[in-house]
Amino acid sequence: MSKEIAELLFANIDKKPEYYYEKYPKRVLPEGARVTRFAPSPTGFVHIGGLFSALISERTANLSKGVFYLRIEDTDKKREIENGVTGIVDALNNFNIINQEGATSENEEKGSYGPYKQSQRKEIYQTFIKNIIEEGKAYPCFCTSEELEKTRHKQEELNINTGYYGEWALYRDKSFEEIKTAFESGKSFVIRIKSNGKADKKVSYKDVVRGELEFPENDQDIVICKSDGIPTYHFAHVVDDYLMGTTHVIRGEEWLSSVPVHLQLFQIMGWKAPKYAHIPTILKMESTSKRKLSKRKDPEAAVSFYHEEGYPINSVLEYLLNLANSSFEDWRKLNPTKSLFEFPFKIEKLGSSGALFDIIKLIDLSKNVIAFIPAEEIYKNLLEWTKDYDKDFNSLIEKYKENTIKFLTIDRTGKKPRKDISKWSDIKNLSSYIFDEIFNPEYEFPENISKENLIEIIKNYAEVYSFDDNKDEWFNRAKDFSEKLGYAGDMKLYKENPQNFKGNISDTTNIIRVAITGRKQTPDLYEILKILGLDRTKERLEKAVSFLSSK
RNA sequence: GUCGCAUUAUUCAAGUGGUUAAGAAUCAUGGCUUUCAACCAUGUAUCACGGGUUCGAUUCCCGUAUGCGAUACCA
C-alpha cells in the first residue's frame with residue numbers, strides 16, 4: 001500500500017536513491033580530515049555570530065586537511081532577500097574565509113557535490129521522500145492549519161504535550177483510498193515521518209563541544225516536506241549533510257533541541273549521523289540582562305559594520321578566535337608574527353556558554369594588530385578603505401602620500417610600537433594636523449599657564465627652532481630655551497624644587513605641541529615638525545599666537 | 001506549561017576532589033617617560049544560591065534561582 005501512496009504523490013519522481021549514491025560518492029580524504037560547512041539562509045546580512053560559526057567551520061576543516069563548503073539554505077522563499085547569496089559570499093570573502101566548494105555568487109558555484117542551493121535540490125529531496133514513503137516510514141498529512149489548531153487546543157485543555165503524535169496523528173494510518181480521495185480533491189498536504197520514538201525514553205549523544213547529552217526521544221510526526229514540495233530544514237539538513245559528506249555539523253546552540261529529531265531522521269534514512277558541534281551564541285549586555293545581538297538594535301551585529309568602520313580583517317578574526325579558544329592570546333604572545341591561520345585551533349576547546357560581545361576588547365586587540373603593521377601597509381589599507389568610505393580623505397592622502405606614510409611611521413618602528421589606531425577610520429582624526437586642508441585646531445592649552453606666558457613661550461620657540469637639528473640637538477635646544485624662560489630643563493631638578501621654576505620642560509614642549517597640532521596628545525613632536533617643515537611650523541606658531549592674543 | 005543548555009571578578013575566560021583559582025581586556029593607584037600612547041608594578045572572585053556525598057568540593061550528586069533556547073508547512 002505504501003508503494004501506491006508514494007507513486008500517487010510523487011509520480012513525477014523516477015530516480016532511486018541509488019542514483020544519488022552513485023552521483024555523490026564518498027569523499028576520498030586523508031585520515032582525520034573533517035568536512036564542514038557554513039549553511040546560512042539568505043534572509044539578511046551576515047550576523048557576527050554567523051561569521052563566528054563560519055570561521056570555526058573553516059578552521060576545523062582546513063586544519064584537518066578537510067573541506068569547507070558553503071551551502072545556501074533557501075527553503076523558505078518568504079523570508080528571502082534579493083542578492084542574499086552575494087551578500088553572504090562577499091561577507092565571507094571580506095574576512096578571508098574561502099570555501100572550497102559551494103556558492104560563489106548568486107547563481108554560480110563550484111564543487112562536485114552540488115547543487116549547493118537547496119532550492120535547486122528539490123528532486124533529490126523528493127526522491128528520498130518518495131523512497132521512505134514506499135518503505136512506510138513517512139506519510140502524507142492533509143490536515144489544515146485549523147485542524148491542527150483544534151488539536152492543539154484540545155491538548156492544552158487536557159494539559160498534555162501539544163503536537164502531532166501518537167493518537168493525535170490524524171493521517172498516520174489512513175487507508176490508500178482515503179488518501180487517494182483527499183489527494184484527488186486537490187487538498188494540499190505535507191509529508192510527515194512516522195515517528196517510532198517514545199517521549200519517556202532517552203536518547204543520548206556526544207556533542208563535540210558540550211560532551212555527553214541526553215534528551216527525550218522525538219515522538220512527533222514532524223513535517224519533512226512542506227505543501228509546496230520543498231523540504232523543511234530538518235530533512236534538507238539530513239539529506240544534504242549526508243550526500244555532501246559532512247563529518248562535523250557546526251551550528252548555533254539554538255539547534256540543540258532539534259538533535260533528537262535529526263538523529264531520528266538519520267536513523268530512518270539508514271545513514272550514519274555526522275558529529276554535531278553546537279557553538280554558543282554571541283550575546284550583548286543591555287542594562288542588566290544578556291541578550292542576543294539583534295540585527296535591528298545593534299549595528300555591531302552585522303559583519304559589514306566592521307568593514308565600514310575599518311577594523312582590520314585580522315582584528316575581527318583574532319577577536320573571534322580568542323572567543324572560541326582563549327588560549328589564542330597566549331599563543332599570540334609567543335608567536336607575535338605568525339599568521340592567525342597557523343593557530344592550532346581546537347573546536348573541542350570551545351566553551352559552551354554564550355559570550356558577551358566586547359567591543360572594548362576588540363578595540364584593544366585591534367590596536368595591537370595595527371601596531372605591528374608597517375606604515376606602508378597601513379597606508380595601503382587606508383587608501384583602500386577611504387576609497388569606499390571617505391572619499392575626501394582618500395584624495396588627501398593620495399595627494400600627500402609621502403607625508404601620510406611619514407606620519408604613520410612615527411613611533412611605529414622598534415619593539416614597542418605606538419598603539420593608538422584601532423581602525424582605519426581613526427586615522428583621519430589622529431592625523432588631521434598634518435594636513436592644512438583639514439587642520440582645525442581646538443588649542444587645548446594647559447590651564448595652569450597664563451596667556452602671557454603661553455605667548456612668550458611660543459614666540460620664543462619660533463625664534464630658536466632650527467629645522468636642521470637632529471633629534472638630540474632638537475631636544476637640547478628645547479631644554480636650553482625652556483631654562484632661559486625659567487622652566488626646568490631637568491625633570492629631577494624640577495621635582496626636587498618645583499617652587500624654583502615657572503614650570504618644566506614638559507610644560508613647554510606640551511605648549512609647543514598644542515600650538516603646532518592643536519591638541520595635547522600626539523606622537524613624537526620632533527617627527528611631526530619634520531613632516532610639517534620649517535615654513536609651516538613657523539606659520540602654525542604664528543597662528544597659535546594670534547589665536548591666543550585674540551582671546 | 002513541558003523539554004534542553006548555561007552560570008568562575010565589569011567583560012572574555014583557564015583550571016582542579018586538597019593550588020596563593022591561570023591569562024587577557026577594563027577600571028583604580030603608583031612608577032618610568034620632554035607629552036600622550038606604550039611600558040612596569042600593585043589592587044580588584046566567599047568559583048550564582050541551598051542542601052548532600054567526602055577527612056576535604058569551585059570541581060561529583062540533588063534541588064532553587066537567573067539567563068538563553070526549543071516546543072512552526074522559519075531556518
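Reader: Which residues come nearest to RNA strand B?

Author: A residue is near a strand if its C-beta atom, placed from the backbone, lies within 6 Å of it. In this predicted model, 62 residues are around RNA strand B, and Glu73, Asp76, Ser326, Ser353 and Ala355 come nearest. Two or more residues each are given to this surface by strands S8 (211-216), S13 (289-292) and S14 (355-356), and by helices H12 (327-334), H13 (359-371), H21 and H22. Helices (H or I, at least four residues) and strands (E, at least two) are DSSP runs, numbered from the N terminus.

Reader: How do the residues of the surface near RNA strand B divide into nonpolar, polar and charged?

Author: Ala, Val, Leu, Ile, Met, Phe, Trp, Tyr, Cys and Pro count as nonpolar, Asp, Glu, Lys and Arg as charged, and the others, Gly among them, as polar. Here the surface near RNA strand B has 17 nonpolar, 23 polar and 22 charged residues.

Reader: What conventions apply to the numbering and to the confidence of the model?

Author: Residues are numbered from 1 along each chain as its sequence is written, while chains are lettered from A and ligands numbered from 1 in the order in which they are written. As the model is predicted, local features need pLDDT of at least 70 and side-chain atom pairs count only at pLDDT 80 or more, whereas totals for chains, interfaces and linings use all residues.

Reader: Which residues of H18 are buried, and which are exposed?

Author: A residue is buried if 20 or more other C-beta atoms lie within 10 Å of its own, exposed if 12 or fewer, and partly exposed in between, with C-beta atoms placed from the backbone. In H18, the buried residues are Leu454, Ile457, Ile458 and Tyr461. They cover an arc of only 90° around the axis, so they are on the same side of H18; the arc is that of the directions from the helix axis to the C-beta atoms. Glu452 and Glu463, on the other side of H18, are exposed. The buried residues of H18 pack against helices H19 (471-484), H21 (505-517) and H22 (525-549), where contact requires C-beta atoms, placed from the backbone, within 7 Å.

Reader: What span does H18 reach?

Author: The expected span of a helix is 1.5 Å times one less than its number of residues. H18 (451-464) has 14 residues and reaches 20 Å from its first C-alpha to its last, close to the 20 Å expected.

Reader: Why do the buried residues of H17 line one face of the helix?

Author: In H17 (424-431), Trp424, Ile427 and Ser431 are buried. Seen down the axis of H17, they fall within an arc of 25°, so they line one face. Their packing partners are helices H14 (375-389) and H16 (401-409).

Reader: Where is Asp411, and is it exposed or partly exposed?

Author: Asp411 is in the loop between H16 and H17. Its phi is near 60°, a positive value in a residue other than glycine.

Reader: Where is Asn83, and what is its phi?

Author: Asn83 is in the loop between strand S2 (67-70) and helix H4 (84-94). Asn83 has a positive phi of about 55° although it is not a glycine. With 11 C-beta neighbours inside 10 Å, Asn83 counts as exposed.

Methods
Two residues are in contact if their C-beta atoms, placed from the backbone, lie within 7 Å.
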